[in-house]
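Me: Let's go through this structure by question and answer. Keep it brisk.

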Amino acid sequence: MKEDSLIVVTVNKAGFEYDIHSLVKAFYPACDVKVTAEESEESSSPGLPDLNIMFEKEAVLISLAGGEGGTASFAARKVEIAEDMPRVEIKNRLKQLIYVTLAEHTGKHLPWGTLTGIRPTKIPMTMLENGASDKEILTYMQETYFAGEEKSALALEIAKREKTLLDTLHYEDGYSLYIGIPFCPTTCLYCSFTSYPIVSWKKRIGEYLEALEKEIDFVAECYGDKVLDTIYIGGGTPTTLEAEELERLLCKIRKTLDLSNLKEFTVEAGRADSITADKLKVLKKYGVNRISVNPQTMKQQTLDLIGRRHTVEQVKEAFRMAREAGFNNINMDLILGLPGEEAADVRNTITEIEKLGPDSLTVHSLAIKRASKLSQWIQENGISALHNTDETMQIAGEGAERMGMVPYYLYRQKNMSGNFENVGYAKEGCFGLYNILIMEEKQTIVALGAGSISKRVYTDGRIERCDSVKDVSLYIEKIDEMIERKKQLLADC
Ligand code: SF4
């Protein structure tokens, strides 16, 4: 079944297009949504409503037209606004108006209500920092954003845990380091990261490492007086590098940076088809204390379909090798809502994972990225083959609980299957600090490698970013320019 559909939204005032787009898209994840501030000849595909939003002096009005059999036609709804109202208040009211209208029209309720941003825990976190009580936070989340009771409580629980963990870090005189290795054994169906097949780059890994080494020297020079709290080597799949290449990189880090205060050193081993005993030995030797072995699913048919080209048995073997190598903080990533998977498949995956007994589990809801091959797959097979439901989320959450884990970080992505969230669960003492930092944006992260994004967090909460080019050849060629960009971002800290 091909699901080719468009929803057109016209709005007579510029500035809210992004907010409107993300909320309408949350109700219609399989459709393209076009928000236009201009008179448009275009209209929504048959069966889908046209939305019209009108800003007046003291109100915003919304009307729907079209829909299946013209069912969407009804009188306009409105919400009051005032000229001197802050933008954020107008935005909240506008989103409430759209939400109520589309919830009535579709019969759907979104678990996170009008919240479409990727960091819902920032709301309870900020309120906690300002001394709000649990009750005030929950009421605010439910009344302002229409977030469900369960999701509001989850966000609050996580924000409290994060706050305790982050209080141990050096916000002002510290930083974290990210190093990206943008190579993978093959490309997964749903991938939207900077990742290139390793076979095509084997001969140039030396040049890539050389560029990274220049960046590491720059970090030592620029941030030598700062406390390095966490390191995260991700990608891509860092373990696509050979053992000697990993050794070269880790040795450079150890020789160049002061690791005496390091609280966490993660390497995302990720794909089971890239993990060997030799590589694990190198990681251990250089002080890596947290790794990921990511199955995504323990159903072979799905692994084949999503292009991971490794077996369930390889995942189990990689996990066993990691334990044998002495790793006592191993994370596993799962994705719910993968093509063709039902609740029974998720139950089976969780059972298999429980047998292995990881220390943390990150449960992702499948996100449909335009740039991924999954987008094309949906065009051909229909979105109805993707099921992520309250039930599957619950199966995963209960499995984590049985393994003695609690939720400790949470984020959302655009176009997530079922409009749910990604949740990191971990046993006490195995929380991934870097993951929390990425979400709560409390500390500067210096990011090295092609496609990486550095983020400077100022003491007043302001955030500035700078990125490196995604193209590996360009990154190597323009490494001095990449460093110069970072130098400017991090100046006078
Ligand atoms: S392992 Fe991760 S980065 Fe690599 S192709 Fe798959 S999704 Fe992309």
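Predicted model: local features only at pLDDT ≥ 70, side-chain atom pairs only at ≥ 80, totals over all residues.

Me: Is lysine 78 buried, partly exposed or exposed?

Reply: Count C-beta neighbours inside 10 Å: lysine 78 has 15. Buried needs 20 or more, and exposed needs 12 or fewer. With 15, lysine 78 therefore counts as partly exposed.

Me: Which residues does lysine 78 touch, not counting those up to four places away in sequence?

Reply: Take isoleucine 62 as a guide: 16 residues from lysine 78 in sequence. In space, the two C-alpha atoms are 6.3 Å apart. The residues that lysine 78 touches are Ala59, Val60 and Leu61.

Me: How are H5 and H14 oriented to each other?

Reply: H5 covers residues 149–166 and H14 covers residues 433–440. Their axes come within 11 Å and cross at roughly 110 degrees. The range 65 to 115 counts as roughly perpendicular. H5 and H14 are therefore roughly perpendicular.

Me: How many residues of the contact of H5 with H14 are nonpolar?

Reply: From H5 come Glu162, Leu165 and Leu166. They meet Leu433, Ile436 and Glu440 in H14. The contact has 2 charged residues and no polar ones. The nonpolar count is 4.

Me: How many of the 8 residues of H14 are buried?

Reply: H14 is mostly covered. Its buried residues include Tyr434, Asn435, Leu437 and Met439. Contact residues Leu433, Ile436 and Glu440 are buried too.

Terms used. Residues numbered from 1 in each chain as written. Axes fitted to C-alpha atoms, helices over the stretch in contact; angles between N-to-C directions. Helix = DSSP H or I, 4+ residues; strand = E, 2+ residues; numbered from the N terminus. Parallel < 35°, antiparallel > 145°, perpendicular 65-115°, else oblique. Contact = placed C-beta atoms within 7 Å. Nonpolar A, V, L, I, M, F, W, Y, C, P; charged D, E, K, R; others polar.
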